[in-house]
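User: Please take me through this structure one feature at a time, giving the general idea before the case at hand.
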Amino acid sequence: MSPAVMSPVRINDLAWDGDSARIIAVGDGKEKYGHCITADSGNSVGEISGHSAQINCVSIRQQRPLRAMTGSDDTSLVFYHGAPFKFNTSVRKHQRFIYGVAFSPDGSSIVSVGADKRIFLLDGKTGDPKTEIGAGEHKGSIFSVSWARDSKKFVTSSADQTVKIWDAEAGKAVQTWRMGEEGKVSVPDHQVGVVWPSGRSDGLIISLNLHGDLTYLSEGDPASRDIVHSHDKNITAVATSESGNPGATLFTGSSDGRICNWDTSFGRAGLIDGSGHSNYVAAISAAPEGRIYSVGWDDSLRSIDASSAVFTGQATTTDGQPKSIATTTDGLTVVATHRGIETFKDGQKRKSISLKNNISPTTVAANDTLLAIAGDDSSLHILSPTTLETKHALPSLSSNISALSFSPAGDLLAAGFSNGRISVFDTGTWEVAISRWSSHTGRVTGINWNNEGTYA
């Protein structure tokens, strides 16, 4: 692959030409802030120059003669002739960072938007500025812009939590949507991206907010059509309400404390309603009767009603920072913290213990008769989940255990190690029953069995 394609720096935007043959990619860099390459070979086709800071946006005219425009943190727009693309002129109209540029579908106009809340229209063939429109309409930075397929209107999204449709010829906003609670400033509802899909005739507009949610809008309709939720941070925990059921609900937690429930039949996510975790979700576990339990680095245990997707009851405080959670079929919840083990039932703490020699648990697994606890000293302890009395202790293993899971019948315990190896123990003799699972080359983060206990 060409070195031009192997970019070690962040790419902020890219654009295709009308022949689907060339790509311009722009972003940050030490000397260059953009490349134009051929799609089939990755060879350079011109030079993206003229900027002194990172480039945030790029657009290519879809008709010949080919033209391109970029916008940068240096507050300038650069117009290129192509192909091959070469610097033609620099336009300085914006006073702050430029976040979006777009050629109209008919190639006659260019629109640019930025952090100065200003919108400029330029000539699509020459790059010459034509006019500024909508001064004072947006109250926050304008992050994105997209044209309607008729080239007469375009849509913008802004940090003022609004999405606006503009009549390009009249220079006026003809429709506005405001996201979030009325009259309340909400940073997650900053609208950071917007697209007016060119292949549709129903006026669909899709806006992206800072929290990663997609809002579906329709021209002429004052209300949103739909909101698609998801995560915008690393997913740190996962569980299903009905393991192995194709229509089961999948629950995921992320490092910002958000928990989503997914209908796996449709691949759609929704947010769990109510007051949840304030930061990192460490683990999620499914319990009988449609109850989901989660623990987070806010040192709390929360319960979720799976059918209604709502947090239930009050948060239960743990004695330490949670690392792992397990549930049994009789409703017992086991939480491993950096201090030890705690058990809960119906939101009430039942028992707690600390492991000997100041050992800190790394992960847990439980069924109705056995509780497996891995320690940070590469140990594995087997306890009674109800009394927390030790039943068996395995000698120090080759490396720390990072994941544990009992088979559905409870006759096997799978242990995943930080070195990527997996061992399966016979829970009757605690001898290693399977030791040849070693395909991973890094830390095992989770293990789950199928309903028959024949695969994991």
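User: Is Pro 129 buried, partly exposed or exposed?

Analyst: Pro 129 has a relative accessible area of 41%, so Pro 129 is partly exposed. Please keep in mind that this is a predicted model, in which local features need pLDDT of at least 70 and side-chain atom pairs count only at pLDDT 80 or more, whereas totals for chains, interfaces and linings use all residues. Residues are numbered from 1 along each chain as its sequence is written, and side-chain values use heavy atoms, with hydrogens and water left out.

User: Where does Pro 129 sit, and which residues is Pro 129 in contact with, leaving aside neighbours within four places in sequence?

Analyst: Strands (E, at least two residues) and helices (H or I, at least four) are DSSP runs numbered from the N terminus, and Pro 129 belongs to strand β11, which covers residues 129–133. With contact taken as heavy atoms within 4.5 Å, and with neighbours within four places in sequence set aside, Pro 129 touches Val 91, Lys 93, Leu 121 and Leu 122. For Lys 93, which is 36 residues from Pro 129 along the chain, the C-alpha separation is 8.4 Å.

User: How many salt bridges does a search of the whole structure find?

Analyst: The criterion is a side-chain nitrogen of Lys or Arg within 4 Å of a carboxyl oxygen of Asp or Glu, and the search finds 12 salt bridges. One of them pairs Glu 132 with Arg 118, their closest N and O atoms being 2.9 Å apart. This pair links distant parts of the chain, since Glu 132 is in strand β11 while Arg 118, 14 residues away, is in the loop between β9 (109–114) and β10 (119–123). Glu 132 has a relative accessible area of 31% and is therefore partly exposed.

User: Which parts of the chain are tied together by Glu 219 and Lys 153?

Analyst: The side chains of Glu 219 and Lys 153 form a salt bridge with an N to O distance of 2.5 Å. Because Glu 219 lies in the loop between β18 (214–218) and β19 (226–228), and Lys 153 in strand β13 (residues 153–158), the pair ties together parts that are 66 residues apart in sequence. Glu 219 itself is partly exposed, with a relative accessible area of 33%.

User: What is the N to O distance in the salt bridge of Glu 342 and Lys 349?

Analyst: The distance is 3.2 Å. Elsewhere, salt bridges that share partners join Asp 17, Asp 19, Arg 22 and Arg 64 into one network.

User: How many disulfides are found in the whole structure?

Analyst: A disulfide is a pair of cysteine sulfur atoms within 2.5 Å, and a search of the whole structure finds zero. For Cys 36, the closest cysteine sulfur is that of Cys 57, which at 16 Å is too far for a bond. Both residues are buried, Cys 36 at 1% relative accessibility and Cys 57 with a relative accessible area of 2%.

User: Which residue lies 3.0 Å, by its backbone nitrogen, from a polar atom of the side chain of Asn 209?

Analyst: That residue is His 211. Asn 209 is in strand β17 (residues 204–209) and counts as buried, at 6% relative accessibility. Apart from its neighbours within four places in sequence, Asn 209 is in contact with Pro 188, Asp 189, His 190, Gln 191 and Val 192.

User: How many helices and strands does the protein chain have?

Analyst: The chain comes to zero helices and 39 strands. Of its 456 residues, 50% are buried, and its C-alpha atoms fill a box of roughly 80 × 50 × 35 Å along the principal axes. Among contacts between residues at least 6 apart in sequence, 37% join residues at least 24 apart.

Conventions
Buried means under 20% relative accessible area, exposed over 50%, partly exposed in between (1.4 Å probe, protein chains only). A polar contact is a pair of N or O atoms within 3.5 Å; within protein, one must be able to donate a hydrogen and the other to accept it, and residues adjacent in sequence count only if both atoms are side-chain atoms.
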